[in-house]
Amino acid sequence: MNTLTDAGRALVSDIARRHGVSDDAAISLLFALSAGGGTQAQFSIPELGGMGQWQRGGMIMVGDMFNQGLKYRVDALCNDLSSLLYGATPLFVPPPAPAPMSSGGPSLYFAGSAQGSGWPAELGIPSSSGSQNNLRYAVFPATHRLAVDYGGTVTIYDTLDHQIGGVSQQQSGDQSLTFTSQYGTVRVADLPVVSPGAEPPPPPVQPMWNAPAPDPVFQPAPPPTPLPVPPAPPAPAPAAGGAPMSTDDIFAKLERLAELRQRGIITDADFEAKKADLLSRL
């Protein structure tokens, strides 16, 4: 387990006194913050409400979920303790050198948090580190990075979404490195290599499997084709000789023509022609 230096214990004790908690509670919370890269912590401290979680500028959860005063105290305490991890004062006693590894077998050398070890500053604070012979490593969960120094050459790997729980080195063959995570044993060589100054990748976008289908584009229906208009039936042709006349009209005209002949207004030939025309209409 990590051990605080005398200077580190004094700093933590001062913060604990200012926030009204015990030194043991503050030290336990400091270790949880160190494991979370200084930006997050998961803890189980009875004095702070039991099980809880904290994330800088985000989520704050305590066992007594309706105790707002306790939430504010945990948030302020975590902010002050996490600032110590980025300070110049060494907080933790350096871990002892690991025992030599047996030839041909894997060896876990997952050590505690380390400060001032010469890793690139942009990686942040390592949550764990280790070394063996001419190889050393450090895990930076806050920036999703794994730094490996092999013979003086530093290589930075993107740890993606792996939660690294241990690193081992195979002595036989090419001395390949592996680590354990929530996905089992993974080769370090299978991780993407990034430059020391590269920014951590954005979190992957989860596919929206249940996303609604896009609205269909409205297409106006074409106008209906007009039906052909049948031609109007032809009007009946008028009867030869003029418009049709009733029988009474015909006889009235004949009488009139007879009067006109008697007066000498029309000739007999005219009378006979008109008479034949009128009779043809009966």
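**Salt bridges and a helix**

Colleague: What is the relative accessible area of Arg187?

Modeller: This is a predicted model, where local features need pLDDT of at least 70 and side-chain atom pairs 80 or more, while totals for chains, interfaces and linings use all residues. Residues are numbered from 1 along each chain as its sequence is written, and side-chain values use heavy atoms, without hydrogens and water. Buried means under 20% relative accessible area, exposed over 50%, and partly exposed in between (1.4 Å probe, protein chains only). Arg187 is partly exposed, and its value is 42%.

Colleague: Which residue meets Arg187 in a salt bridge?

Modeller: A salt bridge here is a side-chain nitrogen of Lys or Arg within 4 Å of a carboxyl oxygen of Asp or Glu. The N to O distance is 3.0 Å, and the partner of Arg187 is Asp190.

Colleague: How many residues apart in sequence are the parts that Arg145 and Asp158 tie together?

Modeller: Arg145 and Asp158 form a salt bridge, with the closest N and O atoms 3.5 Å apart. Strands (E, at least two residues) and helices (H or I, at least four) are DSSP runs, numbered from the N terminus. Arg145 lies in strand 6 and Asp158 in strand 7, so the parts tied together are apart by 13 residues.

Colleague: Which residue just after helix 2 takes a positive phi?

Modeller: Helix 2 covers residues 23-35. The phi is about 75°, and the residue is Gly37.

Technical notes. The expected span of a helix is 1.5 Å times one less than its number of residues.
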